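Open the model in your viewer and keep the sequence panel beside it. This tour tells you what to select at each stop.

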Amino acid sequence: MSITVPSDFQYLVLFTLLLAGQMVLLVVLYGRDRMKLYPWFSASIILTALKELVDKLLFERISQIPFEFIKNALGVLTVFIGLGVLVELARKFFPGVTFMRRLIASGLITLITATVVYFWGPWTANGDLGFKSQIGVVNLLLVSASHGEQILLPCATVLLGVLVLFVLRHNRGFWQSHTVKIFAGLTTCSLMFLVMRATAQTIAITANAHGMTMKEFTQIQGMMDQLRTLPLITLIIVQIWWIYSLWNEEGEVKKPATKK
């Protein structure tokens, strides 16, 4: 997940906490032999850590176009890995479901998600996107990465969460499984992303509709910067939850009492 934070000090603190959490989480996944069970989820943590490191190490150290290309290309890759995580978790949630039912459910989620992405702008002008120039390629990657990470993945995650709760919420041992705990963290981050983006766009539209003084502009800019930190803080908290949950074994499924 790609998040922008306002100040250098805030960035350093949050970046350090995020990266430390990712390293500890990977140690837990490997040490407790969870990587074999959740390879796509493990890959997503590795890619997120790599993306944050690249952003930190290359920012203002190479020219702008190559930096944006690398950063946004990793963002697009993050979206594909994130979709793989959802497929991985969905297969664990519904192991015995027929192919046709899986196809119908995935098609419905894809249709709703694609509709939300299409109508939820803003989109760059068509002339700025494409493969005819370096700027066009960078803009195409930027739009794909931002809409994928902040709208497509969160929306698909929330929709899958609604389906899982509707079908499996009464199953014995459901709330104690590692799969549910991983997915609960992903859903929490996704909801925060959607709320953050919707709120930021509402503030921006309202501000642009009225004339602003420099002081008002500075205040709104500060508010937007603080708003963008919320998904990152949420992700740090969720990582702590994952570390704790995945370190412990799954709770035992209570068996119904039998009459003698």
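This is a predicted model: local features need pLDDT of at least 70, side-chain atom pairs count only at pLDDT 80 or more; totals for chains, interfaces and linings use all residues.

Residues are numbered from 1 along each chain as its sequence is written, and side-chain values use heavy atoms, with hydrogens and water left out.

Select residues 134–168. This helix has 35 residues. From first C-alpha to last, H5 reaches 48 Å, close to the expected 51 Å. The expected span is 1.5 Å times one less than the number of residues.

Zoom out and colour by secondary structure. The protein has 7 helices and 0 strands, giving the pattern α-α-α-α-α-α-α along the sequence. Helices (H or I, at least four residues) and strands (E, at least two) are DSSP runs, numbered from the N terminus.

Now show the surface. The protein exposes about 15600 Å², with 69% supplied by carbon and sulfur atoms. Areas come from the Shrake-Rupley method with a 1.4 Å probe; for residues, only the protein chains shown count as cover. Of the 260 residues, 42% count as buried. Buried means under 20% relative accessible area, exposed over 50%, and partly exposed in between (1.4 Å probe, protein chains only).

Next, contacts (heavy atoms within 4.5 Å). Among those between residues at least 6 apart in sequence, 80% join residues at least 24 apart.

**Thr-78.** Select Thr-78 in helix H3 (residues 64–93). Thr-78 counts as buried because its relative accessibility is 9%. A polar atom of the Thr-78 side chain lies 2.7 Å from the backbone oxygen of Leu-74.

**Asp-33.** Move to the loop between helix H1 (8–31) and helix H2 (39–58), where Asp-33 is found. Phi of Asp-33 is near 60°, a positive value in a residue other than glycine. Is Asp-33 buried or partly exposed? Asp-33 is partly exposed, at a relative accessible area of 42%.

**Cysteines.** Select Cys-155, which is buried at 9% relative accessible area. Then select Cys-189, buried at 2%. How many disulfides does the count come to? The count is 0, taking a disulfide as a pair of cysteine sulfur atoms within 2.5 Å.

Conventions. A polar contact is a pair of N or O atoms within 3.5 Å; within protein, one must be able to donate a hydrogen and the other to accept it, and residues adjacent in sequence count only if both atoms are side-chain atoms.
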